[in-house]
Amino acid sequence: MKLAQAAAEEARAAGEVPVGAVLVRGDEVIAKGFNHPIGAHDPSAHAEMVALRAAAQALENYRLPGCELYVTLEPCLMCAGAIMHARIARVVFGARDPKTGACGSVVDAFANPQLNHHTTVVGGALESECAAALKSFFADRRRAVREARDAARGEPGPAELL
């Protein structure tokens, strides 16, 4: 999960929502990914999708049996579908996503017994650290928007009030 957190920091540095993912098989890191849908102009450029694509290329197979995916945020429904199609054995995620989480927070895509592949899901790994990274990102972004709005109005910002 620490490697996934490092990947999330790459997303933050690029101005994207800090979500990172790492795909492993045994002790071997196969691929990593971080969120960059804004920069890539690609709604599917979530950390999980990027890691899955890179792993499929590295292993020359669209199926990734025996692999585990570590991701800092609970996967959404799109990512859950790709995870199942790739035959990922296990997903370990950090922070829960109360708005789009597909591992139990909003829906549980992995709990449907009618599906032909079943991925084990473990949530809450380094949950407080993963959640704190997301909260600080959005707090910083809200602060920047407020400061830009105040500057456009000609109002003094927090630094100018001191």
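The five strands here form an open sheet in the order β2-β1-β3-β4-β5, and their pairing is mixed. β2 and β5 stand at the edges with a single partner strand each, so one side of each has no neighbour in the sheet. From one strand to the next, the twist averages 15°. Please keep in mind that this is a predicted model. The points below go from the strands to the core, the helices and a few loop residues.

**Strand pairing around β1**

- As a reminder, strands of a sheet pair through backbone hydrogen bonds, either parallel or antiparallel.
- β1 pairs with β2 in the antiparallel sense, over six bridges.
- Within this pairing, Ala21 stands opposite Gly33 of β2, and Arg25 has Glu28 as its bridge partner.
- Is β1 mostly covered or mostly exposed? Five of its six residues are buried, which makes the strand mostly covered.

**The nonpolar core**

- In soluble globular proteins, nonpolar side chains tend to be buried together.
- The largest nonpolar core in this model has 37 residues. Those that touch the most other members are Val19, Leu23, Leu52, Leu64, Leu69, Ile83 and Ile88.
- Which elements give two or more residues to this core? They are the strands β1 (20–25), β2 (28–34), β3 (68–73) and β4 (90–95), together with the helices α3 (47–59), α4 (77–85) and α5 (127–153).
- Leu52 is a handy residue to look at in your viewer. Setting aside its neighbours within four places in sequence, Leu52 is in contact with Leu23, Leu64, Ala82, Ile83, Ala86 and Ile88.

**Helix packing**

- α3 lies across β1, β2 and β3, and runs at about 140° to β2.
- Helix α1 (residues 2–13) packs with α5 at an angle of about 5°, and the two axes are 11 Å apart. Angles under 35 degrees count as roughly parallel, and α1 and α5 are therefore roughly parallel to each other.
- On the α1 side, the contact is made by Gln5, Glu9 and Arg12. On the α5 side, Glu129, Cys130, Ala133, Ser136, Phe137 and Asp140 take part.
- By class, the contact between α1 and α5 has three nonpolar, two polar and four charged residues.

**Loop residues to check**

- Glu60 is in the loop between α3 and β3. Its phi is near 50°, a positive value in a residue other than glycine.
- Glu60 counts as exposed because its relative accessibility is 73%, where the cut-off is over 50%.
- Arg87 is in the loop between α4 and β4. The phi of Arg87 is near 65°, also a positive value in a residue other than glycine.
- Is Arg87 buried or exposed? Arg87 is buried, with a relative accessible area of 19%, where buried means under 20%.
- Gly104 is in the loop between β4 and β5 (120–123). At 47% relative accessibility, Gly104 counts as partly exposed.
- Gly104 and Val121 are 17 residues apart in sequence, and their C-alpha atoms are 9.7 Å apart in space.

Notes:
Residues are numbered from 1 along each chain as its sequence is written. This is a predicted model: local features need pLDDT of at least 70, side-chain atom pairs count only at pLDDT 80 or more; totals for chains, interfaces and linings use all residues. Side-chain values use heavy atoms; hydrogens and water are left out. A nonpolar core is a set of buried Ala, Val, Leu, Ile, Met, Phe, Trp, Tyr and Cys residues joined through side-chain atoms within 4.5 Å. Buried means under 20% relative accessible area, exposed over 50%, partly exposed in between (1.4 Å probe, protein chains only). Helices (H or I, at least four residues) and strands (E, at least two) are DSSP runs, numbered from the N terminus. Contact means heavy atoms within 4.5 Å. Two strands pair if DSSP finds at least two bridges between them. Axes are lines fitted to C-alpha atoms, for helices over the stretch in contact, and angles run from 0 to 180 degrees between N-to-C directions. Angles under 35 degrees count as roughly parallel, over 145 as roughly antiparallel, 65 to 115 as roughly perpendicular and the rest as oblique. Ala, Val, Leu, Ile, Met, Phe, Trp, Tyr, Cys and Pro count as nonpolar, Asp, Glu, Lys and Arg as charged, and the others, Gly among them, as polar.
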